[in-house]
Each structure stands twice: as structure tokens, then as C-alpha cells.
Amino acid sequence: MKSKRILDALLAPMVAIIFSVVLASVILMLFGANPIETFSKMINYAATPRSISLILNSATTYYFSAVAVAIGFKMNLFNIGVNGQYRLATAVGALVAGALTFPGYISIPIVIFVSMLVGSLWAGIAAWLKVYRGVSEVISTIMLNFIAIGLIAYLLAPSMLGVQTAENVVGTPVIPESGRFPGFSIPGSQVPVYGMLFLAALLGFAYWFILNRTRFGFDLRSVGQSPSAAVASGVNVKRMTMYSMLLSGAVAGLVGLPLLLGAQYSFTVNFPGSYGFTGIAIALLGRNHPVGIAFGALLWAFLDVSSQILDLVGVPREIIVIMQGVIVLSVVIAYEITRRVKVRRQQDAVGKATAVAQ
Amino acid sequence: MTGMISIARGNYSRRVKLFVILVSALALLSFVRIWSDVFDLTSRGTISAAIGLAVPIGLAGLGGLWSERSGVVNIGLDGMMILGTFGAGWLGWQHGPWMGLLGACLFGAAGALVFGLATITFGVDQIIAGTAMNILGVGFAQFFANLAFSKVPGGGETQSPSIPALPAFSVEQISDPLVAIHDKNIFIVSDLAGILSGFFYRLSILTILAATLFILTSYVLWRTSFGLRLRSVGENPKAADSLGVNVYRYKYIAVTMSGVLAGLGGAFLAIAASGVYREGQVAGRGFIGLATMIFGNWRPGGTAIGAGIFGYIDALQLRDSDGTSLRAMVLLGALILIGLAILAIKKNKYQTVFGLGLAGAVLVSWFLMTTALPKEVALVAPYLATLLVLAFASQRLRPPAADGVPYRKGEDR
């Protein structure tokens, strides 16, 4: 029974991935490239130790982002604002990290805490607006994303707290050696893997545990599945909305930290800004399940990293973005179809059962 | 009969009210210009730039309006706009700007059809489909731009060769005398002249097209039976269905229109504003368009006013080298709040009076304490304004009742 359930869950993502591969192959053939050759080049490139390090690094970032989104999704909340939350959190975290000169085991936890707090507060604005003013969190978080960009630009202006970095862009002061999160390297690769990978794994476990083994998680899921039933059993929906949004924002606050504390050591205005949307896609692909999200994050990171080879074969590497978009769109369509099939099957079963009873 | 008369009277008093609001807005603006001594506030250059910046977000907003009036929330506008800029660049540099316009409409519509397939036919969550649309829009535009422009002279991986310009009109006989009046620095009169002069100066034909589309939308959606059916689909699809309206078809028409309009907004950016397709030139304007539409209460007139205000703030910010214009805007905002507070006294809403008065006083003291404002204030102003309207005036907002709810024929959801 359990294996059938897992198979059911895997069907939709598999269909989506295959569909996107087929579509990408058609596009490749239209432009005179051999799809099999192209894909095998991508896989070969991704199998090198350096690529594996890069994939693990990207996947770590994506995992945080997707879990942040998934916490909202579990309650039917759309946190479109992960982008704004992590950017602001990382910027403030970078300012704090740049100013602290304590040893790492003191300063890094402080930076992580500050970033989570900032992300949480920024999401809290949307939560407050939803609970007390009835504003849809979709719209408010989109607006807050742009407001965060403005706020960061203001904070990082050289007249405020920012400095001119080496590449002549505005950013935060460079984080001292002691404040950097140590990484590890896999044999044959010069690129260190983020130490925060382990934190991501820990977060995944915590997410699973809270959701499935605590009262809080039970309340959260019940509100997501049936708000009226949740109210009837005494769950305070407003409070749960507030909590889950704050929690989602806190996890979003972690998204930028692997890159900040593990590779760049400074937050500049050029810091990547759309991991939040990636997180939405991966949370959908992984059906908000901690293990599913991990596979989704790895797939996304694989596509990102392996696309680097495409320019050398003469195919624009943006085809990967098309593939990613197609995967998201077709996976949600596939989920919707399987949901409908399931509902019809249940109705049939009920129909048959009642027919026999008569 | 009496019903007819009262409706007519209602229209009349609404017009008077609108007139009073417009005149007092003008008076306020004039007052602020004179007090803060920022002459550029109502100059021809500012107004002309504001119009140019307002058109693309207005078109995106109008696109959002079509879609949401049929009950489909479209946060994929930004992706459709990006597809539009590519369509305009691709056909535009080869076959001229008019073909570019067509290309933008077609690419926008193609994006909208994919979005419609997911949301209308398959009934997928509209926010998720919109997010996917934004990813896809970026992916397709970048991929095809790389293929189409990287090997042609004057183009690059992220930029098209230049697109021939569309005609733009200036009526110097009207515009220049108005500028002369503006320069005389008379209370209200100069400001009205300055604003009007902007409308007769370097007006792109696309701007005229956009204005026409706003009027047409307002007519088609509110004055024809087609429009009534389309809006009924957004208010109560089940009822519409029971009266024989083909809900899916109307939703498809509306969503396709929304893609066409968003594509046109992209075309304005590529053809009229910069003369090339350039990666990233949309810069989130689809989202500002969405904000504009909410700000404008899901109505064409409101959306146009919202786009005008956001375009105006953007124009001031771009022309403002020392931050004084934005400082003047703070004063304007303060005066508006204080004015609203005075109106609220008459209605005995003392809590509102207190809130508005306090906010106004804070803004006035901000104005008095600074000499210049950071540019970032203008960057966040449209989003902040929309958020504040949503938070504190949402009782006055009325989105379509079934906005965002997927409709399945014969299913209770």
C-alpha cells in the first residue's frame, strides 16, 4: 500500500520532467542541435567533482528557499515574498557579520539569528496585513519585495552603511575571516562545499518533525486542508496564519547565508535576487515534502550547473530556464489531473459500495 | 421615472465631485510648487516624461484588469510583457515598428494562451501558473534573443539591433504658448498650462493608442452585452453559466486580451522608450501594472490615474538631480492627508481624523527637516502607496467576487 502511494506521488513529477525533456529536445532539434548528444554532454559535465560541489552549493540555497515557501503552502499561504525577505535579511546579516570580530562560534550564530529575525519581521508585515486588514498575502508580499529592494539600496548607499567594493559596486564591508562559515571540499575539486549544507539537512528534519510529530504541525496542516474543520476543533486560524508566516520568513532569512558566509563574504547590490521564485517552483515539484524538496533542489541545481556547458556546444543556455518553467507548469497540471482522477475513483468506489448496500 | 432621475442626478453629482477633486489637486500641486520652489514640478519636460513612463505600466494594468474582470488573477503579466519586448525587438528591427507592435501582441497573446491553458482548461492555481509564466517569459525571451540577435550586426546576446522609431507628434502652436504661460509663474494657471503643454509635446502614437485602448475597454466592458457577460463570469461564473454564457470562452478571451495589452506595454518599452529590445528592460513593470490596477479599484479610469501618478513620481525621480522634487512630493502627500483629515471631521470619524492628522504632521515635519530626499523613496512609492490603500482603504476596493477562483463546470468549489 505504502509503495503504491509513493509511486502515485512520483508519477506527476516524472511526467512533468519527461515532458520538459521532450519539449527541450524538440526546440534543440529545431535549431539543429542533437538532443541526445546535448543531454549526455550536460550529464558528463555535471559528473565532474567541481560540478558536484557547485550543484550541492546551489541545492543548499534552493532547499532553504523551498522549505520557506512550503511552510506557507502547507497552510494555503503563498509567500511570494521570499525574495524580499532573504535579500533584506542577508543585507542586514552581512552588515552585522562585517562589524563583528568575535570568533566564529559566537558571531555566526548571531548572524544567523539576526537574519532569521529580519526575514521573519519582513514577512510579519504581510502576516499582520492579512490577519488584521484582510490584505491578500500574494499582493502584499509582491509589494514588499520591491520595497525591500529600495530599502536595501538606501541602506547600502555609501553615505549610509555601504562601501565601494573592489569591483566598483556598492556593498557591505567584507566579513572578516573569523565570521565565515567553514566549508569542506570533495576530492578533485577546488570549489569548497558550503558547510551550511548540514544546516539545510537539519532544517529538513526539523520541518518534517514539527509538521508530523507536534500539535503545532497538526494544527498547521488542518488549517491548510480545511479551515472550517480546524476552527471547529478549536484551532485559532488567525494565530496560525501569523505563526506560519513568521516561521516562513525566518527560514527565508537563511536563504542568502550560504552564499554570503560561504563564498561572497559581502552583500552587494548584485547579490542574486530571485531564489524565492526558484523556491516556489521546487516546493511545488517536491510537493512540500522535505525529501521531495531535496530531490527538487538537486534537480534544479543540476540543470543550472550543467547548462554552463551548453554555450560551448553552441546552444543558448537559457533553454534550461525554459525547461524549468515547463517543469513547474506541467507538474502543477499533472497534479491537478491526478487529483481529479483520484476524486473520480473515490466517487466510483463510494457509488459501488452504496449500490451493494442496497 | 424617479429612478432614472436619481441616477442622472447621481452622475451629475459624481461629475461635480470629480471636478472639485481635480481642481483642488491642481491647487495643491501649485501651492506645493510655489512653497517648495521646485519649478520642475509642472514643467513640460516632467509631464512629457511622466506620460512616457505611465503608458507601459498603464497598459500592463489594463491587461490585468481584463483578466481579473473575468476572474483570473494574472501575476504572469510581467512575463507576458517580457515576451512582448522580445516580439517587438525581433519583428521590429527587421520589418519596422508596426510589425514590431504586431509581434509584441502575438508574443504576449501566446504567453497568455499558455497561461490560460493551465488556469482555465486545467484549473491550476492561478498564482502558481502566474509564477511559472514569469519564469517561462524570461526563459523564452532570453533563449530566442540569444538565437536571433547574437549574430546580426548591431545586436548582441542580450540586445537587438535598433528598431526604427514610430511617429511622435508635437503641436508647437499649442505647446509653446502654454510653456510661455507656465514660465510666468502664476498660481494654478501656470501649472495647468504646464501640464497641458506636456500633452502636446512629443506624444508617441503609441501613447495615443494606449489612451484609445483605455476608452475602448471602458466602453466594451461596461456598455456592451459582451462586457456584461465577461464581467459576470468574474463575479459569479455559475450564474453566468446557468444563463448560457460560455464561461471558458469568455475567460480565454479576457486572458488573451490581457496578454495582448501586456505585450503592447512591452512594445512601448522596446520601440518608443528605448528603440531596442534589451534584456531586463521590463524591470518588474508588470508588477507595478498589477499594483496600478488594484490602486485603481479594478476600473479603467482608476487604473489610468494610478499609472499617471506612478509615472509622475518616476519622472520626477529621474529628472531630480538633487532630491528637491521628491521633497516637494512629501509636502504634497502631507497636505492631501491633512485635507482628508479635515473631510473626516465633518463625518465625525475622530479615530480616522487622528490617524490622518498624525501621519500628515509627521510628513510635514519630515519636509521641514530635510533639504533633499533619497532617490529610493521614489522607487518604493508606488508599492508603498498600493500597500497603504490595501491596508487602510480596502473597504472602498471592490475586486470581482470570483477573482482568483478556478471554475470547473458542474463542480462545487
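Mentor: Between them, domain 1 of chain B and domain 2 of chain B bury about 970 Å², with 64% of it on carbon and sulfur atoms. This is a predicted model: local features need pLDDT of at least 70, side-chain atom pairs count only at pLDDT 80 or more, and totals for chains, interfaces and linings use all residues. Residues are numbered from 1 along each chain as its sequence is written, chains are lettered from A and ligands numbered from 1 in the order written, and side-chain values use heavy atoms, leaving out hydrogens and water.

Trainee: What makes that area "buried"?
Mentor: Buried area is the accessible area (1.4 Å probe) that two parts lose on being put together, summed over both. In domain 1 of chain B, B:I294, B:F295 and B:N297 lose the most, together 42% of what that side buries.

Trainee: Where do the domain bounds come from?
Mentor: They come from an automatic or database domain assignment, which divides chain B into domain 1 (38–297) and domain 2 (320–399). The contact (heavy atoms within 4.5 Å) takes nine residues from domain 1 of chain B and 13 residues from domain 2 of chain B.

Trainee: Why is the pair B:E235 and B:R398 called a salt bridge?
Mentor: The term requires a side-chain nitrogen of Lys or Arg within 4 Å of a carboxyl oxygen of Asp or Glu. The side chains of B:E235 and B:R398 meet at 2.8 Å, N to O, so the pair qualifies. The count between the two domains is one salt bridge.
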